Amino acid sequence: MTAPNTNTNTNLNTNANTANTTDFAIEGHGDISVGVTGAGASGDGSASATRITPGNALRPEDIALEVRRGTAKPAKDVAEYALRLGDDALILAQRLGHWISRAPELEEDIALGNIALDQLGHARSFLTYAGAGLAEEGQPAKTEDDLAYFRREHEFRSAHLFEQPNGDFAATIARQFIVSNYQHLLYSRLTQSADDTLAAIAAKAVKEVDYHLDHSAQWVLRLAGGTEESRRRMIHGLTLMWPYVNELFDDDSLTTRLADAGVAVLPSSLKEDFDRLLGEVLTEAGLETPNVPQSLGGGRDGRHSEHLGYVLAEMQVLAREHPGASW
Amino acid sequence: MATQNLQSVPAELSPEELEAERAGQKYFDRIIAEDSRIEPRDWMPAAYRKTLLRQISQHAHSEIIGMQPEANWITRAPSLKRKAILMAKVQDEAGHGLYLYSAAETLGQHRDQMTEDLIAGKARYSSIFNYPAVTWADMGAIGWLVDGAAICNQVPLCRASYGPYGRAMVRICKEESFHQRQGFEILLELSHGTPAQKQMAQDAVNRWYAPALMMFGPPDEDSPNSKQSMAWNIKRFSNDELRSRFVGMMVEQVKVLGLTLPDPDVRFNEETKKWEHGPLDWEEFKAVLAGHGPCNAQRLERRRQAHDDGAWVREAAAEYARKQAEKEYAA
């Protein structure tokens with residue numbers, strides 16, 4: 001990493017409006033222009049300080065563009081795999097989004113919101129890519145929104161852990177701690193995928209999940225080592241989430257085929273590292289791995305718990321009221 | 001400033017203290033006269049401190065309470081892109097609240113106290129957030145009108161005489177510009193969408209227009225504190241002046257949206273060169289401010305509940321930090 005990234009325009013163009021004296025709301029710091037010619041107000045619609053190009057970061061829109069150009073066209077298997085990863089992230093984002101404005105501290109409103117936003121970004125990339133491989137022959141690619149808003153419960157491929165209710169803060173942290181350990185290992189390995197798009201999405205995602213992992217591990221330590229109540233709640237939260245751990249590491253014919261081809265990561269191959277890394281934090285926190293029976297799972301085949309229906313009902317209600325509308 | 005006398009100085013000061021007060025006042029007056037900045041360690045009149053503390057904390061509370069009507073739509077946003085934008089926006093608002101609380105803390109009050117005052121119903125926040133966000137189009141109208149009005153109010157505050165406040169406002173205004181733009185874009189998309197979507201957009205504009213205009217505060221003749229704030233270089237333009245400018249901008253922008261403002265009396269007065277609007281219901285404004293709005297109780301209860309539910313988490317974090325410090329000390 002020696003060459004500076006010259007593509008990233010970080011020029012905060014705050015002063016472009018100062019020459020325009022037609023209204024007062026400029027003064028270099030903010031404006032209420034709307035970037036539409038003829039909309040009046042501040043004149044130069046490009047003067048917003050927030051127009052920073054995303055540089056080389058991979059955005060879902062970039063993938064959508066490749067899909068439209070036909071340069072990103074996953075085989076059905078790959079699309080199915082991307083759908084699983086996308087659904088995991090989407091359902092978790094939906095759950096975490098509920099915390100915003102309800103967290104124990106403003107800092108946590110921001111942190112949980114940020115994690116939700118990251119997960120949603122990953123979901124959008126995976127789903128956009130999946131959609132390109134899931135359309136019927138001769139039909140246009142399915143969009144991220146087709147997949148998010150117009151599939152039914154049994155068509156979702158997320159694992160059960162992601163749809164578990166938020167519970168209290170400790171339960172949310174427990175879920176996040178398990179997820180982050182899993183996703184961090186998964187995305188780290190997936191950066192080596194033979195599929196360039198999956199590798200690129202993973203490369204961006206793993207950097208973000210690194211923070212999620214740090215955040216959740218810190219909270220596991222704090223809650224376990226804080227007060228009697230927080231310790232009790234942390235143990236309870238872990239116990240609630242633990243039955244859904246093994247499903248994350250179940251192999252099936254799809255992942256086996258794709259792993260053989262160097263495209264996917266064989267879930268079971270992550271388990272040893274997962275146990276070790278997660279165990280290190282639990283040991284430091286003085287916690288034990290919960291001794292609870294593992295749930296059967298089935299999310300990858302569309303068999304979900306009762307929770308997902310409610311998650312989807314809320315998420316999809318408006319989009320389904322206006323089918324075909326654009327937003 | 002000549003308007004700043006020594007009224008706020010308690011009588012029982014020693015001669016030395018009195019002298020220090022006089023010197024402080026002199027310095028303060030000079031800074032204000034030069035339109036320069038007061039910093040946290042500078043001497044300032046007690047009334048200036050109190051006014052700022054009230055204004056900044058109210059502003060912070062408004063950001064925090066203002067998260068709620070929008071958070072209400074995060075889980076139901078109709079596209080993933082809109083969901084991401086909305087999440088980022090509400091997150092920005094939490095950030096604004098945080099740095100405004102920090103700015104207020106430089107005046108000597110702890111954030112915990114401000115939070116206590118808020119959830120006890122003792123502190124005020126922008127009354128507009130006591131209206132419900134009932135449709136998706138409200139996300140557009142809040143961004144376009146409410147954030148738009150907020151920017152008109154806040155851009156001049158970037159030059160406020162109190163340094164930490166002015167500097168906090170610089171960043172806030174940058175983000176607010178983006179919020180306003182995204183609100184406009186939501187409405188633009190809706191107004192060019194299906195008839196039902198366009199209707200939804202017009203309905204939202206109809207409901208948010210008057211409350212947004214009232215965000216600038218009471219008419220000038222009914223705003224007794226404005227004069228002092230302007231003398232202190234905290235406030236730069238009068239309520240009516242800002243309101244008129246805002247109306248002028250909305251008049252143009254609503255045309256691009258293909259929608260209308262619910263105000264047949266909007267006109268440009270050629271004589272005064274100012275935009276004028278129809279009558280506003282200041283009785284309703286006062287009633288909502290006094291707690292009679294549709295959502296006052298709900299907004300406060302939600303904040304209270306989040307605070308109460310999170311108490312054990314904050315206690316745990318504090319206790320853990322204490323234990324860690326103890327360990328470090330022992331080692």
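Predicted model: local features only at pLDDT ≥ 70, side-chain atom pairs only at ≥ 80, totals over all residues.
Residues are numbered from 1 along each chain as its sequence is written, chains are lettered from A in the order in which they are written, and side-chain values use heavy atoms, without hydrogens or water.

**Stop 1: the interface**

Show both chains and select the residues in contact (heavy atoms within 4.5 Å): 70 in chain B against 73 in chain A. Together the chains bury about 6000 Å², 66% of it on carbon and sulfur atoms; that is accessible area (1.4 Å probe) lost on being put together, summed over both. Now pick B:Leu80, B:Arg181 and B:Trp312, which supply 15% of the area that chain B buries against chain A, more than any other three residues.

Next, look for charges across the interface: the rule finds 2 salt bridges there, each a side-chain nitrogen of Lys or Arg within 4 Å of a carboxyl oxygen of Asp or Glu. Then colour α3(B), which gives 13 residues, the largest share of the side of chain B that touches chain A; helices here are DSSP runs (H or I, at least four residues), numbered from the N terminus.

**Stop 2: inside chain A**

Go to A:Arg151 and A:Asp87, whose closest N and O atoms are 2.7 Å apart in a salt bridge. A:Arg151 sits in the loop between α4 (144-149) and α5 (160-163), A:Asp87 in helix α2 (residues 76-97), 64 residues apart. Are they buried or exposed? A:Arg151 is buried at 7% relative accessibility, and A:Asp87 is buried at 0%; the cut-offs are under 20% for buried, over 50% for exposed, and partly exposed in between (1.4 Å probe, protein chains only).

Move on to A:Glu61 and A:Arg124, a salt bridge at 3.1 Å, N to O. A:Glu61 lies in helix α1 (residues 60-69) and A:Arg124 in helix α3 (residues 106-134), so the pair ties together parts 63 residues apart in sequence. A:Glu61 is partly exposed at 32%, whereas A:Arg124 is buried at 7%.

**Stop 3: back in chain B**

Select B:Lys89 and B:Glu70, a salt bridge at 2.3 Å, N to O. Both residues are buried.

Conventions. Buried area = accessible area lost by both parts, 1.4 Å probe. Helix = DSSP H or I, 4+ residues; strand = E, 2+ residues; numbered from the N terminus.
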